[in-house]
Number of protein chains: 2
Amino acid sequence: MAASEIMVNLNQKALELIREDADKILKLIEVQMENLIPRQCPLYEEVLDTQMYGLSREIDFAVRAGLMTRQAGKEILSRLEREVARLYEALNRQGK
Amino acid sequence: MAASEIMVNLNQKALELIREDADKILKLIEVQMENLIPRQCPLYEEVLDTQMYGLSREIDFAVRAGLMTRQAGKEILSRLEREVARLYEALNRQGK
């Protein structure tokens, strides 16, 4: 395999892994919604915060290792934050 | 650069980044010792737990991306845990 091909594969792999972990976070909130667990459930809040922090550390590592740009990493995190906010808005409406 | 050379460089880079972060954690405890902050200081405990968790997520990511073996990742974490324990023992003795 050519060197450039290896880098493309690795960058692709890093992106996939990070998207997988972002999806797990969204899944967590979907489970919360399905089970009608209130938004301010402390256990859920803590798990979510921890997972978000973990993901931000993975992204930071991938950036420093040269597997993605800092810009791409930021975009993934802010897209996820928007998605989390959107789900929580839906959860709030559901709770009314 | 040859493909194998790129992989060796990347694995090396991943290892360096993780060692840097492990060193930061040890540094944190050294600062705690120098300032005679007691071991059970809640703020320090929380920061340390968070940093350890962050590092474990970076290592897990590096393993999944194929940048290091699971075994190597485990060894780094357990070496760090031993070092943290050793520093804390010294901190306990210091406090007597």
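**Ground rules.** I number residues from 1 along each chain as its sequence is written, letter chains from A and number ligands from 1 in the order in which they are written. Because the model is predicted, I take local features only at pLDDT of at least 70 and side-chain atom pairs only at pLDDT 80 or more, while totals for chains, interfaces and linings use all residues, and side-chain values use heavy atoms, with hydrogens and water left out.

I looked up the span of α1(A), which has 32 residues and reaches 46 Å from its first C-alpha to its last, close to the 46 Å expected at 1.5 Å a residue; the expected span is 1.5 Å times one less than the number of residues. Helices here are DSSP runs (H or I, at least four residues), numbered from the N terminus. For α1(B) I noted 32 residues and a reach of 46 Å, again close to the 46 Å expected.

Just after α1(A), L36(A) takes a positive phi of about 50°, although L36(A) is not a glycine. I placed L36(A) in the loop between α1 and α2 of chain A, and I recorded it as exposed, with a relative accessible area of 62% (buried means under 20% relative accessible area, exposed over 50% and partly exposed in between, with a 1.4 Å probe and protein chains only). In chain B, α1(B) is followed by L36(B), whose phi is positive, near 55°. L36(B) lies in the loop between α1 and α2 of chain B and counts as exposed at 61% relative accessibility.

I found α1(A) and α2(A) packed at an angle of about 170°, with their axes 10 Å apart; axes are lines fitted to C-alpha atoms, for helices over the stretch in contact, and angles run from 0 to 180 degrees between N-to-C directions. The two helices are therefore roughly antiparallel to each other, a label for angles over 145 degrees. On the α1(A) side the contact (heavy atoms within 4.5 Å) includes I18(A), A22(A), I25(A) and I29(A), and on the α2(A) side it includes L48(A), M52(A), L55(A) and I59(A). In chain B, α1(B) and α2(B) pack at about 170° with axes 10 Å apart, and are therefore roughly antiparallel too. Among the residues that meet there are D21(B) and Q32(B) in α1(B), and Q51(B) and E58(B) in α2(B).

I noted 23 residues in α2(A) and a reach of 33 Å from first C-alpha to last, close to the 33 Å expected at 1.5 Å a residue. Its buried residues include Y44(A), G54(A), R57(A), E58(A) and F61(A), and the helix is followed by G66(A), whose phi is positive, near 80°.

A search of the whole structure gave me 1 aromatic pair over all chains, counting rings of Phe, Tyr and Trp (its six-membered ring) whose centres lie within 6.5 Å. F61(A) and F61(B) form this pair, 6.1 Å centre to centre with 80° between the planes, which is edge-to-face (planes over 60 degrees apart). F61(A) lies in helix α2 of chain A and F61(B) in helix α2 of chain B, so the pair joins two chains. I recorded F61(A) as buried at 0% relative accessible area, and F61(B) as buried at 0%.

Leaving aside neighbours within four places in sequence, L67(B) contacts residues including L10(A), F61(A) and L67(A) of chain A and M7(B), L10(B) and A62(B) of chain B.

R70(A) is found in helix α3 (residues 70-95) of chain A, counts as partly exposed at 46% relative accessibility, and touches D60(A), V63(A) and R64(A), not counting residues up to four places away in sequence. L26(B) lies in helix α1 of chain B, counts as buried at 15% relative accessibility, and touches L80(B), E83(B), V84(B) and L87(B), with residues up to four places away in sequence again not counted.

Note on methods
Phe/Tyr/Trp six-rings, centres within 6.5 Å; stacked < 30°, edge-to-face > 60°. Parallel < 35°, antiparallel > 145°, perpendicular 65-115°, else oblique.
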